[in-house]
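Please open the model in your viewer and keep the selection tool at hand. The stops below follow one another, each saying what to select and what is found there.

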Amino acid sequence: MARDVFSLDRDWLYGGRVVPGCTDPGFDDSGFERVTVPHTNRVLPWHGFDDEEYRFVSVYRRHFTPPEMPGDRRVFVDFEGVMTAATVTLNGEVLGEHRGGYTPFSFEISGRARPDEDNVLAVEVDSTEREDIPPFGGNVDYLTFGGIYREVSLRIVPATFVENVFAKPVDVMGEDPRVEVRCFLNSQDAPEGPLTLTADLRDGGRTIASASREVEPEGEGSAWDLVLDEFGPVELWDIVTPKLYEVVVRLHEGGERTDEYAVRVGFREARFTPGGFFLNGRRLKLRGLNRHQTYPYVGAAMPARVQRRDALILKNELKCNVARTSHYPQSRHFLDCCDEVGLLVFEEIPGWQHIGDEGWKDLACRDVEAMIRRDWNRPSIILWGVRINESQDDHDFYARTNGIAHAMDDSRQTSGVRYFFESELLEDVFGMNDFDPDFIAPPRHPLYLNTEFAGHMFPTKPIDNAERTQEHALRHARVHHMLGADDRFAGGIGWCAFDYNTHANFGSGDRICYHGVSDIFRIAKPAAGFYKSQCDPEEEVVLEPGFHWSIGDQSDYGGHGEGAIFSNCDRLVVYIADELQGELAPDRERFGNLPHPPFFFSALSGTAPWRRVWGDLRIDGYLGDRKVASRALSSKGVDGRFSVEPDDSGLLGDGIDATRVVLRVTDEFGSPRPFATGAVALEIEGPGEIVGENPFALFGGVGAVWVRTREGEGTISLRAKHPVLGTKSARIEVKAPPGDAVEVGSAAEKKCL
Ligand code: GAL
């Protein structure tokens, strides 16, 4: 009999603020709200709120009835993330407190969970900013929000079970690659006889290598090694072809299979060297963005599909090859998708500038361990970030964090992010937030990665004047150009992918840092067009104007002195009112180190020839002689179209699954109308509910809400009424989850309890 994992994501009862007795099993929770997790303790507006509102201690209760099981089975309750501290009680007995909102934790409840009768799990969730817990104690430029915001499961395992597996591909570029598999076993009592431990390497359903050995585990943490080899050359995991294999570890006792644990692996060699970063022996200039895992309205409490979508946006819309999980271990769903689509990741521990006392540092060291233990099989992860972002040096502390990372995983380099060059280097790679737009080349350290730039130096809202939104894009372009000048720069990770909620002492005064190349709804600003344009046209032909089409929205009336166009075409041909204005070549002089330098368009500058010609702008893009793209921007100044675009047309009716719905006003050609307004009234029918503001007032001509399913099936119909442009609808089909709940984006089956 193998393990059983039951999802505890549904049927939580949320009571808001704690009251005396609220964790007692007999407490009257009939007035509590029935919720699913991920859950936020307080739904908030997308900006302009007071973060004090979510900083309180709340209570969640979950009734459950475990199945009858043989006496030696062990039971655990697994929490994947509770913000920020959780005190967990089972049937009135306190199991313990976990401090820290970004790493998973478990409690063993064997012998305490009573089969076939009602059990009450109660969680007191402390979402205040406790200075004993990273990242708190000083200022933090992001909001953490609160609640049980990641999944919860009940796990029933045999007396001796597989606790974790680190399957490390070795010599992946050679003729005889192998996988060193370290199996961590947890044993309650020494088993009577030896057990057999096996590991299989699988490609799809096919086993291509196996190994086994006898083990005699004792105690809660013994490690046993197996080597999978002689399977010949493998398909490498790469950013273009992110091939994944599976390692399945099994335990047998007297011929009977007692446990199974599967992990995904990818064969890839990732190395930072004095000559730059190499993936599978090829130099790769890293071009990426930092990501916060938070969203409008519900903080980080978004389900798998939504967390995964960010990886898709970074990879497919922003064409990044790397992302940094600033500044904490992020959702496993986001990372799963990074593994699947080939997006490299720099993952780091929670923290922001402040280092606390010894107890705080112990928690940070525990976070290093928990992060690595959770994510060490992921081919996407190329660096462990083991320093508190932008903190001062602390030799002993960082010697310790580096030591832990290197001892646990000798296959990955470490890094740490600082903001001063004199900082002591204890990591392998010098991570530096170099916000100086005129930074110095060559790099001042041999293994050097620029981990942040742009950001607060030039906050930019979607509604900002065209000069600013374009300059925002060009600032990113300039830095990547400069990093491209010298192979010794590994590359750069700009600040940042998406606007994010922050404290009052940061940002634009409305609880937002408008530092994203996309807004908080993940909708592109012109700077997103720059990132997108850097891909190979074979992957996608890109033609993104860095401006909106207007005649007088610039300081030198007569406008568009220099309109930037971000494109990977060879040349662009520009027309106004169908009149040929000229042909443009990429600006190699100023941006020659970029794969695809921007184009600049100055047809309307100088002595105001706009007086002569004003009309629709059309830009045609060519690869060689072939016209491959065309974009039109209207001259009418009229809000032409209104659209309602869900990211997904099908969802799971589990009361958890969700998708974004983008509301957008464009001109008649589909190009942005950044000053379009209007309160959009939403109506929903069917098994779904709106997560967001209703009516929603467009900002920069765009905005979004999310639609979350209710438990059930059917069709969700969402009607959105714009005050001027009429009503548009979207339909989303909702399928009932299978009896045994399957998680979105994962093959793992979990039963519901
Ligand atoms: C950096 C910091 C980031 C963010 C950014 C804004 O100093 O590491 O978290 O605050 O500034 O540009």
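**Charges over rings**

Begin by selecting Arg 444 and Phe 421, where Arg 444 lies over the face of Phe 421, at 3.7 Å from the ring centre; a charge sits over a ring if NZ of Lys or CZ of Arg is within 6 Å of the ring centre and within 35 degrees of the ring normal. Then select Arg 155, which lies over the face of Phe 76 at 4.5 Å from the ring centre. This is a predicted model, in which local features need pLDDT of at least 70 and side-chain atom pairs count only at pLDDT 80 or more, while totals for chains, interfaces and linings use all residues. Residues are numbered from 1 along each chain as its sequence is written, and side-chain values use heavy atoms, with hydrogens and water left out.

**The ligand and its shell**

Next, select the ligand together with the 13 residues around it, of which Asp 141, His 327, Trp 352, Glu 390 and His 456 come nearest (a residue is near a molecule or strand if one of its heavy atoms lies within 4 Å of it). A polar side-chain atom of Asp 141 lies 2.4 Å from an oxygen atom of the ligand, an N or O atom in the side chain of His 327 is 2.6 Å from a ligand oxygen atom, and for a polar side-chain atom of Asn 389 the distance to an oxygen atom of the ligand is 2.9 Å. Taken alone the ligand exposes 310 Å², and the protein buries 95% of that, with areas from the Shrake-Rupley method and a 1.4 Å probe.

**Aromatic pairs**

Now show the aromatic side chains: the structure holds 37 aromatic pairs, where rings of Phe, Tyr and Trp (its six-membered ring) pair if their centres lie within 6.5 Å, and planes under 30 degrees apart count as stacked, over 60 as edge-to-face and the rest as tilted. Select Phe 530 and Phe 566, an edge-to-face pair with 6.1 Å centre to centre and 75° between the planes. This pair links distant parts of the chain, with Phe 530 in helix 6 (residues 526-532) and Phe 566 in strand 34 (residues 563-567), 36 residues apart; helices (H or I, at least four residues) and strands (E, at least two) are DSSP runs, numbered from the N terminus. Phe 530 counts as buried at 0% relative accessibility, and Phe 566 counts as buried at 0% relative accessibility, where buried means under 20% relative accessible area (1.4 Å probe, protein chains only).

Move on to Trp 549 and Phe 601, a tilted pair with 6.4 Å centre to centre and 40° between the planes. Trp 549 is in the loop between strand 33 (543-545) and strand 34, whereas Phe 601 is in strand 37 (residues 599-601), 52 residues apart.

**Backbone details**

Which residue does a cis peptide bond join to Pro 134? Select Pro 135 to see that bond, with omega about 10°; Pro 135 is found in the loop between strand 10 (119-126) and strand 11 (147-148). Another cis peptide bond joins Trp 495 and Cys 496, with omega about 0°, and Cys 496 lies in the loop between strand 30 (489-494) and strand 31 (500-501).

Finish with Lys 319, which has a positive phi of about 50° although it is not a glycine, and which lies in the loop between helix 1 (304-317) and strand 24 (322-325).

Methods:
Polar contact = N/O pair within 3.5 Å; in protein donor to acceptor, adjacent residues only side chain to side chain. Buried < 20%, exposed > 50% of the residue type's maximum accessible area, 1.4 Å probe, protein only.
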